[in-house]
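Morning, everyone. Please have the model open while I talk. I'll keep this brisk.

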Amino acid sequence: MSAAAVALAAAAVGLAGTPASAAGCSHGLRLYYNSNQAGAYACYVNGSDNFAGDVFTSAGAGSGQPVKNNAASARNYRSFTGDTWPTARIFFNSNWGGVYDDVDAGTARNLKNTYNNNASLTWVL
């Protein structure tokens, strides 16, 4: 999918912007500093074309470290039972480029293609 198509999909879903506070994580994406959803995490309800400037804000290993090129795992939370929630797509490059990892709604996983090499996020249906 081209960067333009990904950006269009994110806009259509209404999920482009900046990271959410830790309180917003009950219905978004958590990117974790360590594998197996461990260590500090950063929360995203919206997409991001570049993780530059974002940091892991919760307590734990990696707290205060940059998110860009430091996330090892992720969890995609649903906002309500039975709702439609998109897949989180984490990209290797900024502006939604390069290889990516998908994290389906309601699942968690270690990143493979973007393990400690991640730079942007969008949501896809």
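I'll start with the model as a whole, then go to the strands, one serine and the rings.

First, the ground rules. This is a predicted model, with residues numbered from 1 along each chain as its sequence is written. Local features need pLDDT of at least 70, side-chain atom pairs count only at pLDDT 80 or more, totals for chains, interfaces and linings use all residues, and side-chain values use heavy atoms, with hydrogens and water left out.

Confidence next. pLDDT is the predictor's confidence in each residue, from 0 to 100. The mean for the protein is 83, and 76% of its residues reach 70 or more. Be careful with residues 1-18. There pLDDT stays under 50. The model has 27 contacts for that stretch beyond four places in sequence; contact means heavy atoms within 4.5 Å.

Now the fold. We have one helix and seven strands. These are DSSP runs, numbered from the N terminus: helices are H or I with at least four residues, strands are E with at least two. Along the sequence the pattern reads α-β-β-β-β-β-β-β. Of the contacts with a separation of 6 or more, 62% join residues 24 or more positions apart. Of the 125 residues, 41% are buried. Buried means under 20% relative accessible area, exposed over 50%, partly exposed in between, with a 1.4 Å probe and protein chains only.

On to strand pairing. Two strands pair if DSSP finds at least two bridges between them. Take E1, residues 29-34, and E3: they pair in the antiparallel sense over four bridges. Arg-30 stands opposite Arg-75 in E3. E3 also pairs with E6, residues 108-110, again antiparallel, over three bridges. There, Arg-75 stands opposite Ala-108.

E1 has another antiparallel partner, E2, over five bridges. Asn-34 stands opposite Ala-38 in E2. E1 and E2 form a hairpin with three residues between them. Asn-36 in that turn has a positive phi of about 60°. Why is E2, residues 38-44, largely enclosed by the rest of the structure? Because five of its seven residues are buried.

Now look at Ser-73, in strand E3, residues 73-76. Is Ser-73 buried or exposed? It counts as buried, because its relative accessibility is 0%. A polar atom of the Ser-73 side chain lies 2.9 Å from the backbone nitrogen of Gln-37. Leaving aside neighbours within four places in sequence, Ser-73 is in contact with several residues, including Tyr-32, Asn-36, Gln-37, Arg-109 and Asn-110.

Last, the rings. A ring pair is described by the distance of the centres and the angle of the planes. The structure holds four aromatic pairs. The rings are those of Phe, Tyr and Trp (its six-membered ring), with centres within 6.5 Å; planes under 30 degrees apart count as stacked, over 60 as edge-to-face and the rest as tilted. One of the pairs is Tyr-44 with Phe-51. It is tilted: 5.2 Å centre to centre, 45° between the planes. Tyr-44 is buried at 0% relative accessibility, and Phe-51 is buried at 0% too.

Two arginines sit over rings. The criterion is NZ of Lys or CZ of Arg within 6 Å of the ring centre and within 35 degrees of the ring normal. The charged end of Arg-30 sits over Tyr-41, 3.9 Å from the ring centre. Arg-89 lies over the face of Tyr-100, at 4.1 Å from the ring centre.

That's my tour. Over to you.

Note on methods: A polar contact is a pair of N or O atoms within 3.5 Å; within protein, one must be able to donate a hydrogen and the other to accept it, and residues adjacent in sequence count only if both atoms are side-chain atoms.
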